[in-house]
Amino acid sequence: MSGSADGAPVKPPRPCPICKKTSVAAFYPFCSKRCADIDLSRWFGGVYAVPAKESEEDASSPPADDGDE
Ligand SMILES: [Zn+2]
């Protein structure tokens, strides 16, 4: 093989997926801890905050207020 390793794959700095700012190494691929937390909360929100009510498709209407006077 002719060693011509002149094409070193240089990774361009990715923008923060949250606010599209320039990411920093400390919080890669985010730009700050704030955005990292936002992304993290999204994940946790999707995992833990899932209302297990897929079987109740009949609940098309909101629970009517029983005006029991
Ligand atoms: Zn950001």
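A residue is buried if 20 or more other C-beta atoms lie within 10 Å of its own, exposed if 12 or fewer, and partly exposed in between. The model examined here is predicted.

**Exercise 1.** Describe the secondary structure of the protein and state what share of its residues is buried.

Solution. The protein contains 1 helix and 0 strands. Of its 69 residues, 6% are buried.

**Exercise 2.** Determine which residues carry the UniProt feature "binding site" and how they are arranged in space.

Solution. According to UniProt, in an unreviewed entry, the feature "binding site" is placed at Cys 16, Cys 19, Cys 31 and Cys 35. These positions are spread over 20 residues of sequence, yet they cluster in space, with a largest C-alpha distance of 8.1 Å.

**Exercise 3.** Classify Cys 19, Cys 31 and Cys 35 as buried, partly exposed or exposed, and locate each relative to helix 1.

Solution. Begin with Cys 35, which belongs to helix 1. Because 19 other C-beta atoms lie within 10 Å, Cys 35 is partly exposed. Next, Cys 31 is situated in the segment before helix 1. Cys 31 has 21 other C-beta atoms within 10 Å and is therefore buried. Finally, Cys 19 also occurs in the segment before helix 1, which spans 33–48. Its count is 13 C-beta neighbours inside 10 Å, so Cys 19 is partly exposed.

**Exercise 4.** List the contacts of these three cysteines, leaving aside residues up to four places away in sequence.

Solution. Two residues are in contact if their C-beta atoms lie within 7 Å. On this basis, Cys 19 contacts Cys 31 and Cys 35. The partners of Cys 35 are Cys 16, Ile 18, Cys 19 and Phe 30. Cys 31 touches Cys 16 and Cys 19, together with Lys 21, Thr 22, Ser 23 and Val 24.

**Exercise 5.** Is Lys 20 buried or exposed, and how far is its C-alpha atom from that of Cys 35?

Solution. Lys 20 lies in the segment before helix 1. With 11 C-beta neighbours inside 10 Å, Lys 20 falls in the range of 12 or fewer and is therefore exposed. The C-alpha atoms of Lys 20 and Cys 35 are separated by 10.0 Å, and the two residues are 15 apart along the chain.

Note on methods: Residues numbered from 1 in each chain as written. Predicted model: local features only at pLDDT ≥ 70, side-chain atom pairs only at ≥ 80, totals over all residues. UniProt positions renumbered as here; feature names shortened; annotations may be inferred. Helix = DSSP H or I, 4+ residues; strand = E, 2+ residues; numbered from the N terminus.
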